[in-house]
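Colleague: I have a structure to go through with you. Shall we take it piece by piece?

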Amino acid sequence: MAARGGGAGTTAGTAAAGGPATSFQRKAAGGSRLSALPGTRPSARHGQLLLSSGLPSLDAVLGGGLAVGTLLLIEEDKYGVYSNLLFKYFLAEGVVCGHDLFVASAMEPPDNILKKLPAPLLDDTHRNELREEATPAKSEDFQDSMKIAWRYENLPKMEASPTTSTKFGHYYDISKTMSPELLQSIKWHSFYLPEELSLEPKLKTWNMNCGYASLLHSIQRVICQEGFDGSHPQKKQKNILRIGIQSMGSLLWGDDICSSDTPEDIHSLTKFLYVLRGLLRKSLSACIITVPSHLIQNKAIMERVTNLSDMVVGLESFIGSERETNPLYKDYHGLLHVHQIPRLNSLICDVSDTKDLAFRLKRKQFTIELQQHTTVTWLIHKRRSEMMPRTCYAVYVRCRFCFLHQKTPGSHFGLGSSRSGDFLTDFPKPSCDCQAPVHTHTKKNKIK
């Protein structure tokens, strides 16, 4: 008892003297060094360093953003309109945050892609204009729908409009392009497949086609020479490398998985992703890849590609489909499907509470929202149809000469209406030989 008291007195005296009250101290050297990287923040769930995808609503779907060292796979929509927007958002966020970029494409030169990046909204004036555009007008049907679809009241709201307090992630105006001065302030690397194949000999390594092998060598060279893997200390402050690869797996990359059910190099894409994930895991980098999944005929290949990715998001466009003219989807341009979320420092992945996600393309911005109005409007119509009484009409015919009374085969149904136009008019004649006119009448019975 005396020993404990002496120890307590010593601790109290040390605390009173202004010194540390305990021998345990927080080591903030390593953590502060990572958290000081521009455009990043540590995750509150798993402690990993996160990057913004350039779209705050997509960050909320992915659990806060893209973790450093992970791969985001985007399944392109049918015409590649909206997937290219997400691709540009990712690169534009890297420019604003001062990250290094690596842009690879086989369809368009990377410098042309960078010239078309959306302009960032960095002042409050443009933020207020964009917030007014993103605020939807509440209709009477939507106000009534919240009373019926009670499960939407407690769902988290998707952040679609900019707020001045947001420090992680930025907002962009797709009606304008980024200024050349802002692009010159960052360091970026390009990989254009037609130019690379003309400069280097076609070498097929690791049983992989020459396009994928050349791309892997370029990514590995940039990661090692610039010091993103930690093997060679970076000359300046540590930075993040953002890697963007456009339309991977298409015919332009020399891969035939989109043109044949039994391709010649069936494992080229999966081997490329396997090696790429190894490079990402040991470096301060993050990657986004768009894949035309709707063109891949062998679904087993797409399953392997999904398993080799950390995050998989699919875009379903309404262009050319029946939903384009459906009034229930009039406020949206497509659906967003979250197929996979990464398992970081846990045995299971985070499952999003919001399943019904849709996106819309406005004049100045692209937003991902919870399709409350669409789903709830469908519930309203379903509820009204269930409340209406369902009626069965049995039709009888009678001969006016011999008065033969006979029921027609089958019955005719209606939904809460008894108009004559809702039923058939050509009924069969009675089984008698008379040629007299036929009299018809109906007997109405409600179905419970």
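Modeller: Contact here means heavy atoms within 4.5 Å. Keep in mind that this is a predicted model.

Colleague: Which elements are included in what covers the buried residues of helix 11?

Modeller: The residues being covered include Leu269, Phe272 and Leu276, which are buried in helix 11. Buried means under 20% relative accessible area. The cover over the buried residues of helix 11 includes strand 4, helix 10, strand 9, strand 10 (285-291) and helix 12.

Colleague: How far does helix 11 reach from its first C-alpha to its last?

Modeller: Helix 11 has 14 residues, and 20 Å is expected at 1.5 Å a residue. The model comes close to that, with a reach of 20 Å.

Colleague: What span should helix 10 have, and how far apart are its end C-alpha atoms?

Modeller: Helix 10 covers residues 210-225, which is 16 residues. The expected span is 1.5 Å times one less than the number of residues, so helix 10 should span 22 Å. The end C-alpha atoms agree with this, being 22 Å apart.

Colleague: Against which elements do the buried residues of helix 10 pack?

Modeller: The buried residues of helix 10 include Gly211, Tyr212, Leu215, Ile219 and Val222. They pack against strand 5 (100-105), strand 8 (188-192), helix 9 (193-199), strand 9 (241-245) and helix 11 (268-281).

Colleague: Which residue just after helix 10 takes a positive phi?

Modeller: Look at the backbone just past the end of helix 10. The phi there is about 80°, and the residue is Gly227.

Colleague: In the open sheet of 9 strands, which are the edge strands?

Modeller: The order of this sheet is 8-5-9-10-4-11-12-13-14, with mixed pairing. An edge strand pairs on one side only, and here that describes strand 8 and strand 14 (366-370).

Colleague: Which residue of strand 11 is the bridge partner of Glu75?

Modeller: Strand 4 (residues 71-75) and strand 11 (residues 311-317) pair in the parallel sense over 4 bridges. Helix 12 (residues 299-307) lies across both of these strands and strand 12 (334-340), running at about 150° to strand 4. The bridge partner of Glu75 in strand 11 is Gly314.

Colleague: Is Gln246 buried or exposed?

Modeller: Gln246 lies in the loop between strand 9 and helix 11. Its relative accessible area is 5%. The cut-off is under 20%, so Gln246 is buried.

Colleague: With which side chain does the side chain of Gln246 make a polar contact?

Modeller: Leaving aside its neighbours within four places in sequence, Gln246 is in contact with several residues, including Asn84, Phe87, Ser105 and Trp253. The polar contact of its side chain has a distance of 3.0 Å, and the partner is the side chain of Ser105.

Colleague: How many disulfides does the count come to?

Modeller: A disulfide is a covalent bond between the sulfur atoms of two cysteines. The rule used asks for a pair of cysteine sulfur atoms within 2.5 Å. By this rule the number of disulfides is 0.

Colleague: What is the relative accessibility of Cys287?

Modeller: Cys97 is buried, with a relative accessible area of 13%. Cys287 also counts as buried, because the cut-off is under 20% and its relative accessibility is 0%.

Conventions:
Residues are numbered from 1 along each chain as its sequence is written. This is a predicted model: local features need pLDDT of at least 70, side-chain atom pairs count only at pLDDT 80 or more; totals for chains, interfaces and linings use all residues. Side-chain values use heavy atoms; hydrogens and water are left out. Helices (H or I, at least four residues) and strands (E, at least two) are DSSP runs, numbered from the N terminus. Buried means under 20% relative accessible area, exposed over 50%, partly exposed in between (1.4 Å probe, protein chains only). Two strands pair if DSSP finds at least two bridges between them. Axes are lines fitted to C-alpha atoms, for helices over the stretch in contact, and angles run from 0 to 180 degrees between N-to-C directions. A polar contact is a pair of N or O atoms within 3.5 Å; within protein, one must be able to donate a hydrogen and the other to accept it, and residues adjacent in sequence count only if both atoms are side-chain atoms.
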